[in-house]
Every structure is written in structure tokens, then in C-alpha cells.
Amino acid sequence: MILPVKTGTGGYNIYLERGALKKAGEYLNLSRRALIVTDSGVPTEYAETVAAQCKDCLLYTSPSPRD
């Protein structure tokens, strides 16, 4: 399922499907430098799955608001 989101300056899609993280490179331009931001409440392997598809990325994990 694709949910289109319209903003004042453009828009973007939200992809909801099983295995979407493993297909992030199909949805996003990951052949450039990327910053992946997550928090400690999200399983580490989620961000690592996306990071493995990036040409060059920095992964930043902030403390969860629940920590």
C-alpha cells in the first residue's frame, strides 16, 4: 500500500508492506550520502537493514523518550 502525503512544497510517499525496509533502495535514492536517524526504542536491525543499502551513510541513534 502506498500512502501519498502532500505538503506545501511538494510531497512524498509512505510505503506500507511486508519487507519494505529490505527494498528501501527501490524507494529512495541511496546512491548518495545519507543520514539515518532512529532512537533506541527501534530495533537496531531496522536501521542496519537500510544502512546496508546505502552507498555512504551515517547512522545516528538517539535515546528513546522512554529511556
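**A tour of the predicted model**

The mean pLDDT of the protein (the predictor's confidence in each residue, from 0 to 100) is 93, and 100% of the residues reach 70 or more. This is a predicted model, in which local features need pLDDT of at least 70, side-chain atom pairs count only at pLDDT 80 or more, and totals for chains, interfaces and linings use all residues. Residues are numbered from 1 along each chain as its sequence is written, and side-chain values use heavy atoms, with hydrogens and water left out.

Colour by confidence and select residues 2-7: this is strand β1, whose mean pLDDT of 96 is the highest among the elements. Then select helix α1, residues 24-27, where the mean is the lowest, at 92. Helices (H or I, at least four residues) and strands (E, at least two) are DSSP runs, numbered from the N terminus.

Next, select I14, in strand β2 (residues 10-15). I14 is partly exposed because its relative accessibility is 34%; buried means under 20% relative accessible area, exposed over 50%, and partly exposed in between (1.4 Å probe, protein chains only).

Finally, select C54 and C57. The sulfur of C54 has its closest cysteine sulfur in C57, 4.2 Å away, which is too far for a bond. C57 is likewise in no disulfide, and the whole structure holds zero disulfides (pairs of cysteine sulfur atoms within 2.5 Å). C54 is buried, at 13% relative accessible area, whereas C57 is partly exposed, at 30%.
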